[in-house]
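Let us walk through a protein fold one step at a time. Keep the sequence and the 3D view side by side as you read.

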Amino acid sequence: MNSVQIMMEEHQNILRMVKVIRKACFQIMEKREMNQDDFHKMIDFIRTYADTHHHGKEEKIMFKQMQDRLGRIGENLITHGMLVEHDLGRLHMQELEAAMERVKAGDEESYLDVIANAISYTHLIERHIKKEDELVYPFGEKNLGQEVMDQINAETAKFEEAAMAAGTQDKYMTVLTDLERKYLEA
């Protein structure tokens with residue numbers, strides 16, 4: 001199992017959801033209405049698939065090794081770069097959900113906050129993924145050495161087995177495909 005390849009494939013799924021989010025936000029602008037259920041599915045996808053599942057592997061396995069083994073450069077890259085961006089993405093989801101509740105309660109001006117936080121998340125995650133794919137992962141692979149990468153791959157395999165048993169991939173790939181059909185093929 002190649003953990004970096006798996007995480008890069010997950011990035012592609014997250015980027016697919018980014019397209020859905022953007023299209024759903026555009027529909028809010030056009031129609032001044034929002035499908036709350038769909039937005040809750042998008043938030044759930046981001047929180048569970050992108051954050052708990054994907055970022056979980058990064059934070060608990062690969063990034064931890066980079067912080068522990070690559071000195072100040074690894075610590076700074078992860079702690080002051082990647083983890084800060086993970087937290088900012090979580091903030092955008094929290095603020096998006098709060099704005100949705102205000103819209104539901106009748107505050108139409110909060111549509112601005114829905115769009116602002118959803119689109120800010122998409123911009124953040126697109127840049128974040130590009131950095132990980134082009135800089136962070138290659139830096140880790142090059143500098144951690146094969147023995148540590150083998151350990152990362154073994155830990156990732158265990159993480160993936162637990163996620164498969166829980167049905168994480170199946171559930172969220174179905175959610176993604178359904179939302180793509182609704183928003184991108186319409």
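Predicted model: local features only at pLDDT ≥ 70, side-chain atom pairs only at ≥ 80, totals over all residues.

Residues are numbered from 1 along each chain as its sequence is written, and side-chain values use heavy atoms, with hydrogens and water left out.

Start with the helices. Two packed helices are described by the angle between their axes and the distance between the axes. Here axes are lines fitted to C-alpha atoms, for helices over the stretch in contact, and angles run from 0 to 180 degrees between N-to-C directions. Helices are DSSP runs (H or I, at least four residues), numbered from the N terminus.

Take helix α2 (residues 36-69) and helix α5 (residues 146-166). Their axes come within 11 Å and cross at roughly 160 degrees. That makes α2 roughly antiparallel to α5. The cut-offs are simple: angles under 35 degrees count as roughly parallel, over 145 as roughly antiparallel, 65 to 115 as roughly perpendicular and the rest as oblique. The contact (heavy atoms within 4.5 Å) includes His53, Lys57 and Ile61 of α2, and Ile152, Glu155 and Phe159 of α5. By class, its residues are seven nonpolar, six polar and five charged. In this scheme, Ala, Val, Leu, Ile, Met, Phe, Trp, Tyr, Cys and Pro count as nonpolar, Asp, Glu, Lys and Arg as charged, and the others, Gly among them, as polar.

Now pair α2 with α4. Their axes come within 12 Å and cross at roughly 25 degrees. The two helices are therefore roughly parallel to each other. Among the residues in contact are Phe39, Ile46 and Phe63 of α2, with Val114, Tyr121 and Tyr137 of α4. This contact has 13 nonpolar, five polar and four charged residues.

How do α4 and α5 meet, and at what angle? They pack at about 125 degrees, with their axes 6 Å apart. They are therefore oblique to each other. Gly140, Glu141 and Leu144 of α4 touch Gln146, Val148, Met149 and Ile152 of α5. Four of the contact residues are nonpolar, two are polar and one is charged.

Next, look inside. A nonpolar core is a set of buried Ala, Val, Leu, Ile, Met, Phe, Trp, Tyr and Cys residues joined through side-chain atoms within 4.5 Å. Buried means under 20% relative accessible area, exposed over 50%, and partly exposed in between (1.4 Å probe, protein chains only). The largest nonpolar core has 34 residues, and those touching the most other members are Met17, Met34, Phe39, Met42, Ile46, Leu96 and Val114. Two or more residues come from each of α1 (3-31), α2, α3 (71-104), α4 (111-144) and α6 (168-184). Follow Met34: beyond its neighbours within four places in sequence, Met34 contacts Ile28, Phe39, Met100, Val103, Tyr111 and Val114. A second, separate core of 16 residues includes Phe63, Tyr137, Leu144 and Ile152.

Asp51 lies in helix α2. At 16% relative accessibility, Asp51 counts as buried. Leaving out residues up to four places away in sequence, Asp51 touches Ile46, Gly56 and Arg90.

Glu180 sits in helix α6. Is Glu180 buried or exposed? At 14% relative accessibility, Glu180 counts as buried. Glu180 and Lys19 are 161 residues apart in sequence, yet 8.3 Å apart in space, C-alpha to C-alpha. With residues up to four places away in sequence not counted, Glu180 touches Arg16, Val20 and Glu185.
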